[in-house]
Amino acid sequence: MYDLLVLGALLEHDRSGYKLCKVLENALVPRRKISNGVMYPLLDKLAAADDIVFLAATENSRGKRLAHLTPTGKAHLHAMLLAPVPMDAKRESIYRFKFKGMAAETPVVQSQILNDYKNAVLTDLQSYQRIYVHVERKVAAAGSNQDSIDWGLRTLSLQIAESEAKIKWSNQQLEKVQQAIAAHGGITNND
């Protein structure tokens, strides 16, 4: 999963392992620290697969190496962007990783990824809304569990609001991508 984000981050420019750790930490949902023990074996694996090569840093390097994306790595990134995302606990992180790597894709591919994400979030939203209605009906019949049910409703409200915000964001991005498709016929990259 992390290779998707690392390759996507290298589309922008070459990066050190330290910088890639920071990119990965900030993209994960929920946010968490990535150790060198995770990052450097991943970079070694990507280098062994010819997805990246290491270049010597030129400025203030002190022996620092920078990871550089190869044509093989770009092809691997493209394949991962097109791959379906499992509906599991890593789904949100995977989509955020995909968003980071979409700059090299055509607007048509970008649109497909955004629509897949939006549909997954819509499924969540519909589920949260059904549960909310069910729990709300229980409020009237609640005895001593009133506080527990109330907090359940509050939590569901948060999940509904998050889902609605993600759908709104998806629609905004889809609109931008559709404008690019109209302007370029979906053939060129959306820079």
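I looked up Trp-169 and found it partly exposed, with a relative accessible area of 32%. The scale I used: buried is under 20% relative accessible area, exposed over 50%, partly exposed in between (1.4 Å probe, protein chains only).

I noted that this is a predicted model: local features need pLDDT of at least 70, side-chain atom pairs count only at pLDDT 80 or more, and totals for chains, interfaces and linings use all residues. Residues are numbered from 1 along each chain as its sequence is written, and side-chain values use heavy atoms, without hydrogens and water.

Next I checked rings. I found six aromatic pairs in the structure. One of them joins Phe-99 and Trp-169; it is tilted, with 4.9 Å centre to centre and 50° between the planes. Phe-99 sits in helix 5 (residues 91-101) and Trp-169 in helix 7, 70 residues apart. Rings of Phe, Tyr and Trp (its six-membered ring) pair if their centres lie within 6.5 Å; planes under 30 degrees apart are stacked, over 60 edge-to-face, the rest tilted. Ring pairs also link Tyr-95, Phe-99, Tyr-117 and Trp-169 into a cluster.

Then I turned to Asp-14. It lies in the loop between helix 1 (2-9) and helix 2 (17-27). Helices are DSSP runs (H or I, at least four residues), numbered from the N terminus. Asp-14 is partly exposed, at 26% relative accessibility. Its side chain makes a polar contact with the side chain of His-68 (2.7 Å). I count a polar contact as a pair of N or O atoms within 3.5 Å; within protein, one must be able to donate a hydrogen and the other to accept it, and residues adjacent in sequence count only if both atoms are side-chain atoms.

Methods. Helix = DSSP H or I, 4+ residues; strand = E, 2+ residues; numbered from the N terminus.
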